[in-house]
Amino acid sequence: MTMPSPKDEHRATTGHEWDGITEYDTPMPSWWLYVFYATIVWSIGYWVVYPAWPSLSGYTKGLLGYSSRAELVESRAAADQARAGWLDRIRKLEPQAIAADAELRTLALIGGKAAFGENCAACHGAGGQGGKGYPVLADDAWLWGGKLDDIWTTLRYGVRSGHDKARLSEMPKFGTDGLLKPDQIADVGEYVLSLGKDAKVDDKAAARGKAVYAEQCAVCHGDDGRGKAEVGAPNLAAGIWLYGGDRGTVLQQIRAPRHGVMPAWEGRLDDATVKMLSVYVHALGGGQ
Amino acid sequence: MNVHHQPPVLDDPTDLPPLFADRRKVYPQRVGGQFRRLKWAALIGLLGIYYVTPWLRWDRGPGAPDQAVLIDMPGRRGYFFFIEIWPQEVYYLAGALILGAVALFLATTLAGRVWCGFTCPQTVWTDLFMWVERLVEGDRNQRMRRDAGPLGFDKAWRKAAKHASWLVIALLTGGAWIMYFTDAPGFVRDIVRLEVDPVVLGFIGLFTATTYTLAGWAREQVCVYMCPWPRFQAAMFDEQTRLVAYDERRGEPRGKAGSLTRAEDPLSAFAGRGHCIDCGLCVRACPTGIDIRDGNQLACIGCALCVDACDGVMQKIGLPPKLIGFKSIAGDARPNLFRPRVLVYLALLLLVGGTMLVGLMTRRDVDVAVLADRAPLFVTLSDGFIQDGYTLKIANKRRAARDYALGVEGLTRPRVNAIGGETLTIEPDGQASFRVYVKVPRAALKSERTPFRFVLTERGSGKVVTHDAVFLGPAG
């Protein structure tokens, strides 16, 4: 088998000539051509059995009645079916019992991770690393409690979400409502900073602020500043701050506190997913 | 479909060379001799290994398959007698393939294409199919006559019987292949009960079809057109390599023997002319249809059937044998085994084989992998500790459950806890992931990165497995 020499003068050309340049006529191999014809025949069959041609009001449906949407619905139903047994077991148990069962815990951690990525990570960050105004879920500072059941309750009803059972708390606007004078706010701010132990504080101002604190703040944040999860009052002595631990932010939070909102997930997500999320969040590193 | 335009059309375009050469059907003639016997022995031995291997049993204890050679795809394990590999150890397979390749190079350097001629599955199955063909349709001349003749009852039933037998052999081949991937007795039981999975049926069909096509129809075309090996095997040849070759100096000038075949003293009768009597038996015996007297060529698979053919003829006319034989360019002296390329291939064989052996002997039956959390890298806790999260993946390659106590080494005042409890339990022949948190007082951290080690102590035996990790903390 020899290939024709490119310089073969006896070979046929296409007949076209461009500035003296001609092109050899190299016909396609016949088997290639037959395959091409076969694809044309195939495409006609395809139009008949599959959706193909658009019309003004829709499209030809095809004999098989195939649609990719129906296929998706089918495969989702199949996936649900496959998971049903596991999810039933999770629905019947409380998060505490789920976390105690090695098999279910593994499942809940995987399912919870997926649900967290879709629903929670936008605010709380991947892995629960949090952000300004959005609590870190991987540490041990919890506004509303870090036990499994606390987390489950917070997840189900949300925080200031409008749900009947939502976690609700409101810190008074000590500055804008005129409850404290500006120098009192400065003093109590100094005292709060001294609780965190990290910042350099004016000891005299802090000592004056201590009295204001005992009168105005200790009810919720506790005598030692360690907070009360029952009322959603943050721990002021841990050096972990939701909005920031610098003097300006702390003072601003006393004058006109910001209040975050978290939606209630009951009703938005199914029961099993909320339970898996609870187990997952509890296992992020700070569960109590 | 050739469309031609004016001018210049100087030649008939149908003179273009065809894209594919037509296949000239090869009708190999039956010959006997030492190499034919060797080929029968190889065929019986290799087919025996192929069909018997899946039935060998090997006790691995409860819960494990007892098939000696098994590739368990759904279970993701490979079993070969005492060796059991996991998917992540597939480099053992790569090592085995390298060993096979180097052994092939070595054999080729010593004796040419012995692999092709005697042991390649394509050769073995084609040989088997040719044997069936000869049984049903007769030898070369009968087959050629019948193929040329009209289709009658005799031709029809013989062709039908041949193809039916081929298909049965192909089906048995394809069926046996499945047994390497599933429990052989269970598979046979499923077949008897007609409960075979459609996917399995599909694979049996595939292997049946390829066996039938490749050994029945394609035959030497596989060696000449499809197989890459003939294209570069000549790179392993040197002057000392013994190849199937024709002794041109002794054979030429060839010529018909005529009355010389009845000579009293053949050697002197043949003096002055070549010993080749141009009987053509070497060509007729060749399964790829070539003439070995044209010299070493790509289509020669080194099966040595022409050697048998010629030796028989030489014996009949009283001339010495081996006019065609395994010959080297360097001459017929005993080949030098200690040539550099032989030594290099041997050294490679020993090196790869030794490495694999050491690898298998020291293979640990527990694997630990540590993944450090990247979001967040670390968190500060309310008591001033810094906490890092890790995922520990532990693979337990033993057929018994394992309990590990978790600890760390190389950190100051660390606290370690795992989600799910103190003890890490891994099922027999299984793997598990554990969320692990390590806490260190901030004051105890000297830098952003502190290397340390996870220490897993097996409860009971007290055996220790460690894995390096890094503790990340705040700067300064």
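Okay, some housekeeping. Residues count from 1 along each chain as its sequence is written, and chains are lettered from A, with ligands numbered from 1, in the order in which they are written. Since this is a predicted model, local features need pLDDT of at least 70 and side-chain atom pairs count only at pLDDT 80 or more, while totals for chains, interfaces and linings use all residues.

Let's start with chain A. Walking from the N terminus, the order is β-β-α-α-α-α-α-α-α-α-α-α-α. Chain A is more spread out than a compact globule, because its radius of gyration is 34 Å, well over the 19 Å that the globule rule gives for 288 residues. That radius is taken over C-alpha atoms, and the rule is 2.2 Å times the number of residues to the power 0.38. Along the principal axes, the C-alpha trace of chain A spans about 110 × 60 × 45 Å.

How much of chain A is buried? Of its 288 residues, 31% count as buried. Buried means 20 or more other C-beta atoms within 10 Å of the residue's own, with C-beta atoms placed from the backbone; 12 or fewer is exposed, and in between is partly exposed.

Now the domains, whose bounds come from an automatic or database domain assignment. Chain A has domain 1 (94-166 + 262-282) and domain 2 (182-255). The centres of those two domains of chain A are 28 Å apart, taken over C-alpha atoms. Across the boundary, ten residues of domain 1 of chain A are in contact with nine residues of domain 2 of chain A; contact means C-beta atoms, placed from the backbone, within 7 Å.

Let me zoom in on one helix, H8 of chain A, residues 203-216. H8(A) has 14 residues and reaches 20 Å from first C-alpha to last, close to the 20 Å expected at 1.5 Å a residue; the expected span is 1.5 Å times one less than the number of residues. Which residues of H8(A) are buried? They include A:Gly209, A:Val212 and A:Tyr213. An α-helix has 3.6 residues a turn, so residues three or four places apart point the same way. Helix H7 (182-196) and helix H9 (218-221) of chain A are among what covers the buried residues of H8(A).

On to chain B, with 15 helices and 14 strands. Chain B is also more spread out than a compact globule, since its radius of gyration is 33 Å, well over the 23 Å from the globule rule for 476 residues. Of those 476 residues of chain B, 25% count as buried. Its domains are domain 1 (34-234), domain 2 (242-327) and domain 3 (366-472), and 76 Å separate the centres of domain 2 and domain 3 of chain B.

Last stop, a sheet in chain B. Three strands form an open, antiparallel sheet in the order S1-S2-S3; strands pair if DSSP finds at least two bridges between them. S1 (69-72) and S3 (83-85) of chain B are at the edges with a single partner strand each, so one side of each has no neighbour in the sheet. S2 (77-80) and S3 of chain B pair over three bridges, and B:Phe80 stands opposite B:Ile83 in S3(B).

Definitions and conventions
Helix = DSSP H or I, 4+ residues; strand = E, 2+ residues; numbered from the N terminus. Contact = placed C-beta atoms within 7 Å.
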